[in-house]
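Visitor: I would like a close look at one part of this protein. Please take me through the strands and how they pair.

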Amino acid sequence: MSSSPDKTDNTDNTAGADVADGQAQVPPRRDRANRSAALMATLIAVPVTVAVAGFTFAKLAPDTPAAEPAPAATSAQPQSTAPVEMAAPKLPARPEIVCRALTSQLPSTVRGLGQRPVTAGPEQNAAYGDPALTVACGGDEPTPGSTDDVWVVNKVCWYPVEGPDATVLTTVDRETAVRVTVPHAHGSALQWVSPISDVVVASVPSGGAVPAGCTG
């Protein structure tokens, strides 16, 4: 009979031990659950924080200045505005009147080249662009040889002479000579006398011996 209490005590102690063990095992499960929840919250919070920080930086960062556009191929190039050196010989009364009429009607630009001041004789000289294309009025017209080329452009006959740096075209069908010097840098010389020919027709009367190539 004395052994029963011992058995009862052992049973109770074992049960108590089981309960104690069971209670001891609960906190780890809760810790794992808490850690999982915390990890999940961290995984969600970090991208949100980064996104918010990026948005805030974008709002607070100064605007980046836009890059200046590259100049287009057709954009006007800067040119010198310095006076172009030109001679201005004294003209007789009639050529002086004709040349004043010519220069007064010349355009402010010739095929995109802006007009520039000249050092002398603005009543008989004009210049455009850089390198300068020049227009000089006055003097005698040249006499082309029988085999020399002449070109009719907008009803004006021009005699071209090629130089090392420019082509000089002179009228050969007017009472007063008009000379246009076109630097080779500007390309084909004849294209530049087209707008000038219109002014010559309007202001410089035809006259003198006209080469055969100008009429044929």
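Guide: Asn-125 has Ala-136 in β4 as its bridge partner. Helices (H or I, at least four residues) and strands (E, at least two) are DSSP runs, numbered from the N terminus. The model is a predicted one, in which local features need pLDDT of at least 70 and side-chain atom pairs count only at pLDDT 80 or more, while totals for chains, interfaces and linings use all residues. Residues are numbered from 1 along each chain as its sequence is written, and side-chain values use heavy atoms, with hydrogens and water left out.

Asn-125 belongs to strand β3, residues 125-128. From this strand Asn-125 and Ala-127 point one way, and Ala-126 and Tyr-128 point the other way. All of them are buried, where buried means under 20% relative accessible area, exposed over 50% and partly exposed in between, with a 1.4 Å probe and protein chains only.

Two strands pair if DSSP finds at least two bridges between them. β3 and β4 run antiparallel and are joined by four bridges. They form a hairpin with four residues between them. In that turn, Gly-129 has a positive phi of about 70°. β3 is also joined to strand β2 (residues 113-116), by two bridges, and these strands run antiparallel. Here Tyr-128 in β3 stands opposite Gln-115.

Now follow β4 to its pairing with strand β8 (residues 178-183), which is antiparallel and has four bridges. Val-135 has Val-180 in β8 as its bridge partner. β8 pairs with strand β7 (residues 166-171) as well, in the antiparallel sense over five bridges. β7 and β8 form a hairpin, with six residues between them.

Val-150 counts as buried because its relative accessibility is 15%. Leaving out residues up to four places away in sequence, Val-150 touches Pro-144, Cys-157, Trp-158, Tyr-159, Pro-160, Gly-213 and Cys-214; contact means heavy atoms within 4.5 Å. Val-150 and Val-161 are 11 residues apart along the chain, and their C-alpha atoms are separated by 9.9 Å.

As for the whole protein, it has three helices and eight strands. From the N terminus on, the elements run α-α-β-β-β-β-β-β-β-β-α. Of its 216 residues, 28% count as buried.
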